[in-house]
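Hello,

Here is the structure we talked about passing on. My notes follow below it, grouped by region.

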Amino acid sequence: MPDLGNLREGQQPLECHVALISADRQLSHDWVHALNNTAAQHENPFGLKFSAVLPSAAERLLHKDGKLQALIVDAGVEAAGLSAAEELADRLHLVRAQLNVFLVALGCDISVSLRQRFDELFDRREGNFNHMFRLVQAFIARRASTPFADTLRDYVFSARDAWHTPGHSGGDSLRNSPWVGDFYRFMGEHVFNTDLSVSVQVLDSLLEPHSVIQASQDLAAQTFGARQTFFLTNGTSTANKVVIQQILGGGGKIIVDQACHKSVHHAIVMNRCQPVYLKCTLHPDFGIYGPVRREDIERALEANRDAKLLVLTSCTYDGLRYDLRPIIERAHALGVKVLVDEAWYAHGYFHPLLRPTALECGADYVTQSTHKTLSAFSQASMIHVQDPDFDEFRFRENLNMHASTSPQYAMIASLDVARKQAAMEGYGRLERSLKMVEILRRAVDQTGVFRALTREDLIPAPLASDGIRLDPTKVTIDISASGYTGKEMQIRLFDQYGIQVEKTTYNTVSVLVTLGSTESKLLRLVHAFKQLAQYPRRRMHPASPRRLPEFTRLLCLPADAYFADTEELPLMDDGVQAEKHLVGRVSADEIVPYPPGIPVLVPGQEISAQIIQYLQQLLQGQNATEIHGLIFRSDEPMLRVMRELSQRPSAGTPPATEPSGIAPRTAGGDERGPVNHKKAV
């Protein structure tokens with residue numbers, strides 16, 4: 001229960017609305033009157049208020065009332081009323097899946113399947129409204145609970161002496177230090193006294209949970225619609241690696257979007273997977289990677305029936321998300337598991353305009369960066385599981401291989417709290433965010449210089465019939481007419497207006513509208529764009545678009561390339577020389593411009609002139625892009641490539657057996673063929 005006796009000044013008391021949905025006006029009047037009287041006479045920490053609504057108006061109420069927390073559905077006295085009540089509950093679930101739903105029925109003829117659809121049952125002849133009130137309150141209280149965060153707070157306030165790790169001992173090593181005491185005061189007391197260790201057994205173990213962490217994970221599974229949920233403090237990068245190791249540990253074929261996050265490519269190397277790379281769409285005007293065509297996904301599934309896993313990113317960094325259900329159904333029909341990286345879509349389940357999510361579409365595994373779009377600390381992520389063949393013991397072992405044995409407890413608490421917020425006020429917060437999106441888009445378009453890109457703008461022509469949707473909370477703004485590049489606009493917004501955007505391309509800037517966006521921030525952002533629109537920059541020559549390079553082909557297993565005998569070749573040189581030496585060679589590393597963390601080269605991939613020119617562009621000028629995977633020798637960027645066979649030492653072990661369909665380059669530079677070239681395109 002929340003402690004309402006210590007409300008801070010200005011803090012609003014809780015108010016939870018409960019709607020009785022019934023066509024029986026007399027029952028509605030009597031029950032609502034009795035329940036509100038009960039609420040007034042008893043402890044009511046959540047501020048429960050009961051009202052009645054006709055079944056025909058119930059869905060409208062769900063859209064309108066952000067404080068609604070529970071529904072009581074009256075099935076009436078007719079036998080057909082039970083199926084009608086179940087159908088109504090299912091429709092309402094599609095609007096607000098987090099609400100508690102109770103059934104009012106006459107008699108005991110309730111099927112098992114119907115019982116599973118509702119949290120609790122009430123008989124229409126019920127006269128104990130005290131008990132009914134307490135039951136409704138108890139279910140809301142459970143959803144609003146934060147088992148781990150509460151235990152962490154209670155432990156800190158119990159003021160135990162620390163004779164265990166970490167070494168700062170609750171901040172005592174810093175507090176009175178003349179050298180670092182300022183850091184303690186800046187960060188605050190609770191940053192340090194919540195930084196504890198596995199020695200504190202009452203806080204449970206993240207890697208082997210049995211009490212409060214397990215209870216918090218169970219609540220998360222219920223909130224996000226999963227069978228099981230696991231917390232991670234190493235980010236979704238680790239989450240992706242754990243899931244891929246679960247399905248493909250030791251090797252096997254994986255079908256994967258070429259533009260997936262670099263963590264997936266890392267997992268492919270670590271587990272010696274044989275990838276079939278799906279060619280993503282490239283938007284020619286805005287420098288944006290789009291999803292893979294459904295036709296290409298289905299073709300790859302058909303051509304690679306020995307594949308064990310399909311990995312897709314939905315939504316993308318720019319907010320594009322697949323129509324997942326038919327893709328997942330096709331994969332499952334062929335015996336292929338599906339992992340969907342929802343790092344940018346943890347909020348999707350909490351508003352009807354953003355659904356269905358990957359879990360609702362049947363994905364076996366979903367990884368989410370809870371910190372990206374909900375209220376958790378950075379690196380706090382979740383893995384949601386609904387694989388019918390899930391091996392929990394093996395999964396925990398795989399998780400233990402990647403996760404730290406010294407997790408950050410404040411991070412775990414933030415997952416608990418972020419889950420609670422999403423469950424209790426996610427809809428209302430997102431409704432507010434979506435209204436801000438409308439205001440922002442309209443204001444940007446009204447400048448006449450900047451333009452908020454729509455779904456139709458962002459979807460390349462090849463995806464027009466694939467049912468691709470756009471997450472509206474990711475707003476991409478075309479700045480071409482301003483005369484500034486994306487990087488220049490990012491700096492201008494930061495230096496002159498104190499605004500930090502999410503990312504840029506050569507002619508766009510992107511902002512995220514999240515649960516933490518406020519009207520004041522929106523006002524300042526709109527003002528900045530209006531001001532900048534008054535003084536567009538006149539360029540003698542418009543900025544030429546940086547054409548994203550096409551994926552070439554894979555010439556060996558990524559793991560073989562990564563661990564191969566290699567040499568380093570300069571990327572810049574005078575440009576021409578770099579191309580001469582690098583074109584046709586095989587990259588040994590993953591080369592990733594960041595953000596967004598999408599590789600332009602993966603280990604084993606053939607290097608093209610287009611890729612070299614693109615990387616050279618990114619490194620030129622004052623605002624060079626950060627690129628992971630390059631090696632710098634005396635400030636000179638170098639690419640690590642496999643040695644040609646003719647350059648390798650003659651002595652040594654015989655070459656490894658070539659995996660099926662993958663042929664490395666021969667000594668003379670000839671090729672025996674690309675990796676599953678027809679299948680992978």
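Loops and backbone

P166 lies in the loop between helix 6 (147–157) and helix 7 (172–175). Please keep in mind throughout that this is a predicted model. The peptide bond that joins T165 to P166 is cis, with omega at about 0 degrees. The loop between helix 6 and helix 7 also holds A159. A159 is not a glycine, yet its phi is positive, at about 55 degrees. With a relative accessible area of 60%, A159 is exposed, since exposed here means over 50%.

A cis peptide bond also runs from R355 to P356, with omega near 10 degrees. P356 sits in the loop between strand 13 (337–341) and strand 14 (365–368). Another positive phi, of about 80 degrees, belongs to Q379, again a residue that is not a glycine. Q379 is in the loop between helix 15 and strand 15 (381–385), and its relative accessible area of 44% makes it partly exposed.

An open sheet is built from 5 strands in the order 2-1-3-4-5, paired in parallel. Its edges are strand 2 (48–53) and strand 5 (120–123), each of which pairs on one side only. On average, and with direction ignored, neighbouring strands of this sheet are turned by 25 degrees against each other.

Within the sheet, strand 1 (residues 16–21) pairs with strand 3 (residues 68–74) in the parallel sense, over 5 bridges.

Helix 1 (residues 25–41) lies across strand 1, strand 2, strand 3, strand 4 (100–105) and strand 5, and runs at about 175 degrees to strand 2. Helix 3 (residues 80–95) packs on the sheet and touches strand 1, strand 3 and strand 4. The direction of helix 3 makes about 170 degrees with that of strand 4.

T370 belongs to helix 15 (residues 370–373). Apart from neighbours within four places in sequence, T370 is in contact with A346, S375, A376, A380, S381, M382, L415 and A418.

The count of cavities of 30 Å³ or more comes to 5. The second largest cavity has a volume of about 70 Å³. Which residues line the second largest cavity? They are H347, T373, L430, S433, T473, K474, L512, V513, T514 and L515. By class, this lining has 4 nonpolar, 5 polar and 1 charged residues.

S433, one of the lining residues, is located in helix 17 (residues 409–446). S433 is buried, because its relative accessible area is 3% and the limit for buried is under 20%. Leaving out residues up to four places away in sequence, S433 touches V513, T514 and L515. V513, T514 and L515 are also among the residues that line the cavity.

Helix 23

In helix 23 (residues 609–619), the buried residues are I611, I612, Y614, L615, Q616, L618 and L619. What covers the buried residues of helix 23? The cover includes helix 22 (576–582), strand 22 (592–594), strand 23 (626–628) and strand 25 (636–642).

Regards

Conventions. Residues are numbered from 1 along each chain as its sequence is written. This is a predicted model: local features need pLDDT of at least 70, side-chain atom pairs count only at pLDDT 80 or more; totals for chains, interfaces and linings use all residues. Side-chain values use heavy atoms; hydrogens and water are left out. Buried means under 20% relative accessible area, exposed over 50%, partly exposed in between (1.4 Å probe, protein chains only). Helices (H or I, at least four residues) and strands (E, at least two) are DSSP runs, numbered from the N terminus. Contact means heavy atoms within 4.5 Å. On a 1 Å grid over the protein atoms alone, a cavity is a set of points where a 1.4 Å probe fits but cannot get out, and a pocket is an open set with protein on both sides within 12 Å along at least five of seven lines; lining residues have an atom within 4 Å of a point. Grid points are joined across faces, edges and corners, and a volume is the space filled by probe spheres set on the points. Ala, Val, Leu, Ile, Met, Phe, Trp, Tyr, Cys and Pro count as nonpolar, Asp, Glu, Lys and Arg as charged, and the others, Gly among them, as polar. Two strands pair if DSSP finds at least two bridges between them. Axes are lines fitted to C-alpha atoms, for helices over the stretch in contact, and angles run from 0 to 180 degrees between N-to-C directions.
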